[in-house]
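Please examine the structure shown below before reading on.

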Amino acid sequence: MFKYYGKYAPYLFLLPAFVLLVIFFFIPFFQTFALSFNDYSSSIYLPIFVGIENYIKLFKNPVFYKVLLNTFIYLIVAVPILAIFPLFLAVLINQKIRGVTIYKILIYLPVIVSIVVAAIAFKWLYAEQGILNYFVTMFELEPIGWLTDPNWAIYSVIIVTIWKGIGYYMIIYLAALMSVPNELYEACDIDGAGFFQKHLTVTIPHIMPTIALVTTISAISAMKVFAEIYVMTKGGPLNSSKTIVYYIYERAFENLDLGFASAMAVVLLVIVMAFSIINIFCFERNKYQI
Amino acid sequence: MKLSLKNKHYISHIILITVSLLSIFPFIWLISTSLKGGGENIFAYPPVIIPKDFTWDNYIGVWKRVNFIGYFINSMIVAGGTVLLNLILSSLAGYPLARMEFRGKKISFFAILATIMVPFQAIMLPVYLITLKLHLTDNISDLAGYLGMILPFAVSAFGIFLMRQAFMGIPREMEEAAIIDGCNVFQVFLKVLLPMVKPSLAVLAIFTFIGSWGEFLWPSIVLTKENLYTLPVGVNNLQGMFSSNWRYIAAGSILSTIPILIFFLAMQRYFISGENEGAVKG
């Protein structure tokens, strides 16, 4: 095909997007590193270069380890559930049964509703004399301090994240299930395979790439949780539900300790980038082929 | 025959009905609380789902004290502006990446790809400092406040790649025919290519809208004035306003959800068809 555009045309088309990406992405990206080498705690207008002192402070801070541990708990609890349970639901919905659209709409509803409303709704369920504790006391157990007991708070918050994510991943799985050739299932039926045997031998191997994709994207979003924690617990009690992003927010915007917060942000950046690189180069390759 | 088919699937139905109920139960309980009058104990054991002292008063009360229309308009402006800019900038940038050969194409491509890997939460602090420096905050003017909420999200790698993919699917003959007819490159883009990628533009618009509508972290960082609050920020603020008046908090939360619920039901096929797999950002 002949070249019908001028020499500068491609750059003109790219320019507006790149101006915004430079201002709101590339400059902040490098500035995050720069900020992390400065101390702002005496004045936010007169930073003092302190080298890696913020990182030393960070690694000596017990809250940092608590926050990392909480993020780790988030990962090991939320990710397996979000990778497996929506797949199970998708398999159920993918059968030729009635009411599929209604089920999909209802299960997808939490995805669409604002996380703030979702967190408020759960806060109400978790209230000390709330409906959940009614069921707990029904079994003659002590009421649980869902959001006030340091042993429970993080799990109560994780439940909200899981509840809000199920529908989203279920739809991703449904799309993947459509690509499984029907003949394979028919062969299973002829061999007399049961429900679980059929899906273990055909479905799961066939959609393994999607399972891997869901695992990494749910891991990435688990590391970015903020609103649930902000609305329900503010990271408490005793830092028991504080995760990386909430800690960055707190140190930056409440304590104005920009250097320390940026060192923390660099840690988040490194962890998330590692997951993203795996995701892009292993599971979403075709989407980003040049 | 029909009956036996139903029997075969009854376990699936039981599971799916249970999960569906669990998905909406938190809202049902919130609605129930919002409709209970002062004469009814909202902490009653056993819990009562159908209000005994039924009333709309909580809705009226919270409506009078909270500027929901204002929050709604602010959310519309921010989400609308974000969608519009994303459509324009993503299609402009996606076109040369899909259709043109030029120096630096590979670098541009990987630069955009890099932005996917870095979470906004990790760079939000410098983004905030830059927004302050550019005077894009609500203490300068309302317009500056809106721009401060819109511009950091005005273009996304997701949008650029989506549009690039869409342009790549158009047969090259379309452009050739237009050039022979005397169009220049901008006319080719505007009059020939853009109309052909409308389905992708719709997908981009819908998912950008949902993302922007629900955004909480960034507005809660940049906003200082109540008159620019978006719905999520306003709803979060209900907790402080009505401290433990759960009837009002519940009514306010439900009110704020109505617009997006209507939007979702009208557009549901885009969300649940599975064709746009992975379109929402996590």
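In this predicted model, the largest nonpolar core holds 161 residues, and those that touch the most other members are A:Val116, A:Ala119, A:Ile120, A:Met170, A:Ile248, A:Met264 and A:Leu268. Helix α7 of chain A, residues 153–177, supplies the largest share of this core, with 14 residues.

Apart from its neighbours within four places in sequence, A:Val116 is in contact with A:Ala227 and A:Val231 in its own chain, and with B:Phe216, B:Pro232, B:Val235 and B:Asn236 in chain B. A:Val116 is also among the buried residues of helix α5 of chain A. This helix spans residues 115–125 and is mostly covered, with ten of its eleven residues buried. Among the buried residues are A:Ile115, A:Phe122, A:Lys123 and A:Trp124.

Which helix of chain B does α5(A) pack against? The partner is α14(B), residues 246–266; the two axes lie 10 Å apart and form an angle of about 150°. Angles over 145 degrees count as roughly antiparallel, and α5(A) and α14(B) are therefore roughly antiparallel to each other. Their crossing is left-handed. On the side of α5(A), the residues that take part are A:Val117, A:Ile120, A:Ala121 and A:Trp124, which meet B:Trp246, B:Ile249, B:Ala250, B:Ser253, B:Ser256 and B:Thr257 of α14(B). Seven residues of this contact are nonpolar, three are polar and none is charged. The spacing of such positions can be understood from a general rule: an α-helix has 3.6 residues a turn, so residues three or four places apart point the same way.

A second pair of helices also joins the chains. Helix α1 of chain A, residues 9–36, packs against helix α4 of chain B, residues 68–99, at an angle of about 135°, with the axes 8 Å apart. This angle makes α1(A) oblique to α4(B). The crossing of α1(A) and α4(B) is left-handed. Here A:Pro10, A:Phe13, A:Leu14, A:Pro16, A:Ala17 and A:Leu20 meet B:Leu89, B:Leu92, B:Ala93, B:Tyr95 and B:Pro96.

Finally, the contact between the chains may be viewed as a whole. Chain A contributes 80 residues and chain B contributes 77 residues. On the side of chain A that touches chain B, α1(A) gives the most, with 17 residues. That side of chain A consists of 67 nonpolar, ten polar and three charged residues.

Technical notes:
Residues numbered from 1 in each chain as written. Chains lettered and ligands numbered in written order. Predicted model: local features only at pLDDT ≥ 70, side-chain atom pairs only at ≥ 80, totals over all residues. Buried ≥ 20, exposed ≤ 12 C-beta atoms within 10 Å, placed from the backbone. Helix = DSSP H or I, 4+ residues; strand = E, 2+ residues; numbered from the N terminus. Axes fitted to C-alpha atoms, helices over the stretch in contact; angles between N-to-C directions. Parallel < 35°, antiparallel > 145°, perpendicular 65-115°, else oblique. Left-handed = near helix turned anticlockwise from the far one by under 90°. Contact = placed C-beta atoms within 7 Å. Nonpolar A, V, L, I, M, F, W, Y, C, P; charged D, E, K, R; others polar. Core = buried A, V, L, I, M, F, W, Y, C linked by C-beta atoms within 7 Å.
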